[in-house]
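Work through the exercises below with the model open. Try each task before reading its solution.

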Amino acid sequence: MRGSLPISLLAATVLTGCASVAIDENFAEVERFAREQTGSEVRWLRSDPEREAMRTEVDRLLAQPLAIDDAVRIALGYSPAFQSLLAEAAVASADATGSARIGNPVFTFERLFRSGAEGRELDIGRSLGISLFDLLFLPARLEQAEFRQQQTRLQSSIALLSTVTEVRQAWVDAVAARQVAHYREEVATAAGTAAELARRMQATGNFSRLQRAREQALAAEETANLIRARQNATAAREALIQRLGLTPSQAQALRLPDQLPALPEAPIDEATAGAALLDNRLDVRIARTDLERTAKSLGLTQVTSVVNGLHVAGVRNSETGESSQRGFEVELPLPLFDFGDAARASSEARYLSAFNRTLEVANNASSQVRVAYEGYRSAYDLARHYRSEVVPLRQNITEESVLQYNGMLIGVFELLAAARAQSASVVQAIEAERDFWRAEAALKASLLGQPIAPISLQSSASPAEAGAGH
């Protein structure tokens with residue numbers, strides 16, 4: 001059988017074999033998304049020299065207190081967890097490329113002997129066949145493969161977005177926990193000083209046992225708070241180290257800033273936050289792509305449910321003493337028992353499911369952004385309130401208490417109580433700022449298609465701090 005394929009079909013067939021090209025194109029798309037939407041750079045380490053060069057760069061970044069953007073840079077270019085995600089995306093891309101390839105031609109060879117009165121005769125049969133079904137539906141398979149490539153790119157972008165959000169929040173947690181531990185130490189020192197003073201005053205007969213016990217109880221509670229704060233700081237630091245994928249030596253070299261960044265002068269406007277929601281949300285784009293793919297496959301199922309195979313082979317037979325026979329054979333399944341109604345019904349049901357899932361994702365996206373923005377705005381207002389109202393007021397109280405103590409209008413314990421209350425308000429202000437920066441990371445992720453659990457605004461004031469002013 002002789003013949004030729006159309007030029008466009010041959011070109012498409014060749015392109016389906018370039019799995020490495022598709023992998024590189026998908027990675028380039030993820031790189032572009034990272035630069036445009038997160039301001040971060042992605043690196044895929046595929047050789048030992050690349051890994052060694054990145055390790056050197058990480059060591060350079062760790063030589064100074066690690067900024068939040070540098071933490072993201074390390075995670076996206078060095079973390080083994082993210083490198084694994086990139087490799088898994090390459091696997092999915094290669095599988096999508098392979099799904100568009102037509103089946104290999106089938107060569108059949110048979111060698112038969114026949115014994116008779118005239119002697120032994122040899123019969124040789126050869127055939128080379130290919131599925132015309134694969135060729136006829138190659139454009140549809142290429143289109144389905146492209147849909148899968150789009151899904152891979154979008155899912156890789158979501159994985160990247162999730163990594164960036166987790167690293168930013170882990171950095172905020174680590175810096176805030178370290179800052180809180182520092183102030184807890186100041187509060188515990190003040191409480192310990194008050195307890196020691198109370199012991200001495202009781203020894204001289206100027207303090208009752210009840211008064212001394214109260215001060216000692218406050219000091220004991222603040223010591224417990226300090227222990228918890230130090231443990232939280234260690235746990236938060238280790239969580240960040242795990243996100244970055246640092247080695248033990250690099251973990252020892254890691255240094256964090258002394259405090260969180262300053263609050264922005266103004267929060268993000270709500271109208272700006274939701275301006276291009278449905279165009280930017282990755283989960284909405286994935287749902288739409290899946291709906292388009294399902295719609296395309298529905299039309300293909302209408303045909304393949306009835307005729308699901310067409311195989312053509314060229315045949316050449318040779319027999320001893322006879323001239324060779326040439327020809328072709330056609331293999332076509334007959335729909336006698338399976339008329340394809342189940343396949344068509346299943347395909348239509350899948351389309352309805354994808355259609356309603358797309359509506360659900362679009363509706364939920366709007367709600368998730370509203371929730372994320374409300375958490376962001378509440379966290380901003382609370383952090384600003386602590387910094388502009390609560391902490392300055394506590395500082396004024398401490399300063400006035402010092403003046404009154406110098407004028408012998410109040411005792412040393414009232415002064416220490418004011419100092420404890422001021423330190424406690426600073427701790428709460430730090431935690432409020434931590435919640436704001438976590439909420440900002442969650443809002444940015446939600447705008448792009450990675451819904452994050454809303455931030456819970458809670459006070460961590462201990463019973464001792466709650467009564468520190470009494």
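**Exercise 1. Confidence**

What pLDDT does the protein average, and what percentage of the residues score at least 70?

*Solution.* The model is predicted, so begin with confidence. The average pLDDT is 78. A score of at least 70 is reached by 75% of the residues. Over residues 300-310, the pLDDT is below 50. That stretch still has 31 contacts in the model beyond near neighbours in sequence. Residues 462-470 also have a pLDDT below 50. Here the model has 14 contacts beyond near neighbours in sequence.

**Exercise 2. Helix pair α7 and α8**

Determine how helix α7 packs on helix α8.

*Solution.* Step one: locate the helices. α7 covers residues 138-203, and α8 covers residues 209-244. Step two: take the geometry. The axes lie 7 Å apart, at an angle of about 160°. Step three: classify. Angles over 145 degrees count as roughly antiparallel, so α7 is roughly antiparallel to α8. The crossing of α7 past α8 is left-handed. Step five: sort the contact by class. It has 21 nonpolar, six polar and 13 charged residues.

**Exercise 3. Covering α4**

Which residues of α4 are buried, and what covers them?

*Solution.* Helix α4 spans residues 68-77. Eight of its 10 residues are buried, which leaves the helix mostly covered. The buried residues are Ile68, Asp70, Ala71, Val72, Ile74, Ala75, Leu76 and Gly77. Their cover includes α3 (48-61) and α5 (80-99). α7 and α8, the pair from Exercise 2, are also among the covering elements.

**Exercise 4. Gln151**

Is Gln151 buried or exposed?

*Solution.* Start with its place: Gln151 is in helix α7. Its relative accessibility is 12%. The cut-off for buried is under 20%, so Gln151 counts as buried. Now list its contacts, leaving out residues up to four places away in sequence. Gln151 touches Ile286, Thr289 and Asp290.

**Exercise 5. Tyr351**

*Solution.* Finish with a distance. Lys296 lies 55 residues from Tyr351 along the chain. The C-alpha atoms of Tyr351 and Lys296 are separated by 9.6 Å.

Key. Residues numbered from 1 in each chain as written. Predicted model: local features only at pLDDT ≥ 70, side-chain atom pairs only at ≥ 80, totals over all residues. Heavy atoms only, no water. Axes fitted to C-alpha atoms, helices over the stretch in contact; angles between N-to-C directions. Helix = DSSP H or I, 4+ residues; strand = E, 2+ residues; numbered from the N terminus. Parallel < 35°, antiparallel > 145°, perpendicular 65-115°, else oblique. Left-handed = near helix turned anticlockwise from the far one by under 90°. Nonpolar A, V, L, I, M, F, W, Y, C, P; charged D, E, K, R; others polar. pLDDT = per-residue confidence, 0-100. Contact = heavy atoms within 4.5 Å. Buried < 20%, exposed > 50% of the residue type's maximum accessible area, 1.4 Å probe, protein only.
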